[in-house]
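Subject: Structure handover

Hello,

Here is the structure for you to open. Please keep it on screen while you read the notes below.

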Amino acid sequence: MRAAARLLAILILAAASSAVAQQKHLIDPTPRGSLNPVPLPPLKNPDAPSTPAKELFARKSTPFPGPPRSIGGYFDGCLAGAVPLPITGPAWQVMRLSRNRNWGNPELVRFIERFAENAKKVGWNGLLVGDMAQPRGGPMRSEHRSHQIGLDADIWFAPMPDHEQSREEREFGEAADVVAPDQLDVDRKVWTPTHAKLIRAAAQDPAVIRILVNPAIKKVLCREAGADRAWLFKVRPWYGHAEHFHVQLGCPAGSAECKPATPPRAGDGCGDDLDFWFKESTLHPPPSKPKPPLTLAGLPPACKQIVKAP
Ligand SMILES: [Zn+2]
């Protein structure tokens, strides 16, 4: 009886703390996965023009064959010729395998291989890789508006453990929230100088054009960067991103169908730009109306062919 009461208390506490975490960061954390993911049921009207594109792309478990093509924009595009990041590498492990989102343009896979090595060099014991893209890219049913053309990856703020993780650990393991409860600074019990070096190592990779982190992280990077600040240009604040950071690569050379992202504003982004993020209305924004989901009409025409192919 006492054990049952204790278990109940633990469960209540866990639920309460995860509710707080959700309020705090809006977007994070990546939900737990499943060891037996249930396939999505077939759509009743897949050809209806109103069908959300995310429902079509989420039902494709294999890539579109052929040469790699990142088509359209990071928020409205798709991917052909995707390759999977191996789930275990010399210095990385993929998390949440049930999501089947470890796909990307081969440039993204090469970047992760390279970054994992560079992370080791700054004392980070390998990467835990979260969402990249779906096998054919496109919009996702949960968590992201970007990640559509195979040039985005989420890297968790937790180093890889020394062993090869089981499926269970990858589905249920938690990343570390590095932001303090008041959202005004990092949590000093969790944040270390190696976290800053890890982000800098990613920003210094020439293929990377932007990295999104929680505003509290940007603030501490600005404060502690010292004289070597050029890399801060690429690191920009965004909602959430307290348990992982988001790395965006530029359109690979020769990919004519890829719509380049707007570059970050000039400068290191450490001045007045940051004030907006610490206003009460930004820290605790009023609920906003969800946008209507993208349909195939909102994507480049090639994406229709890519998602409709068997
Ligand atoms: Zn992301």
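This is a predicted model: local features need pLDDT of at least 70, side-chain atom pairs count only at pLDDT 80 or more; totals for chains, interfaces and linings use all residues.

Residues are numbered from 1 along each chain as its sequence is written, and side-chain values use heavy atoms, with hydrogens and water left out.

**Zinc site**

Three residues coordinate the zinc ion: His147 through NE2, Asp154 through OD and His246 through ND1, at 2.1 to 2.2 Å. Donors here are N, O and S atoms within 2.8 Å of the metal (3.2 Å for Na, K and Ca); water is not among the atoms, so sites may look incomplete. The spacing of the donor residues in sequence is H-x6-D-x91-H. His147 and His246 link distant parts of the chain, 99 residues apart. His147 sits in the loop between β7 (127-129) and β8 (152-156), and His246 in strand β11 (residues 244-249). Helices (H or I, at least four residues) and strands (E, at least two) are DSSP runs, numbered from the N terminus.

Both histidines, His147 and His246, are buried. Buried means under 20% relative accessible area, exposed over 50%, and partly exposed in between (1.4 Å probe, protein chains only). For His147 the relative accessibility is 0%. His147 also has a positive phi of about 65°, although it is not a glycine. Glu143 is in the loop between β7 and β8. Its phi is near 80°, again positive in a residue other than glycine. Glu143 is partly exposed, at 34% relative accessible area.

**Aromatic rings**

The search of the whole structure gave eight aromatic pairs. One of them is Phe111 with Phe115: the centres are 5.4 Å apart and the planes at 15°, so this pair is stacked. Rings of Phe, Tyr and Trp (its six-membered ring) pair if their centres lie within 6.5 Å; planes under 30 degrees apart count as stacked, over 60 as edge-to-face and the rest as tilted. Phe111 and Phe115 are separated by about one helical turn because they are four residues apart in helix α3 (residues 106-121). Phe111 is buried, at 0% relative accessible area. Phe115 is buried too, at 1%.

Trp238 and Tyr239 have ring centres 5.2 Å apart and planes at 80°, so they are edge-to-face. Trp238 is partly exposed at 39%, and Tyr239 is partly exposed at 26%.

One aromatic cluster is formed by Phe111, Phe115, Phe157, Trp191 and Phe245. Elsewhere, Lys219 lies over the face of Phe278, 4.3 Å from the ring centre. A charge sits over a ring if NZ of Lys or CZ of Arg is within 6 Å of the ring centre and within 35 degrees of the ring normal.

**One more residue in α3**

Leu108 lies in helix α3. Leu108 is buried, at 0% relative accessibility.

Which residue lies over the face of Phe278? It is Lys219.

Best wishes
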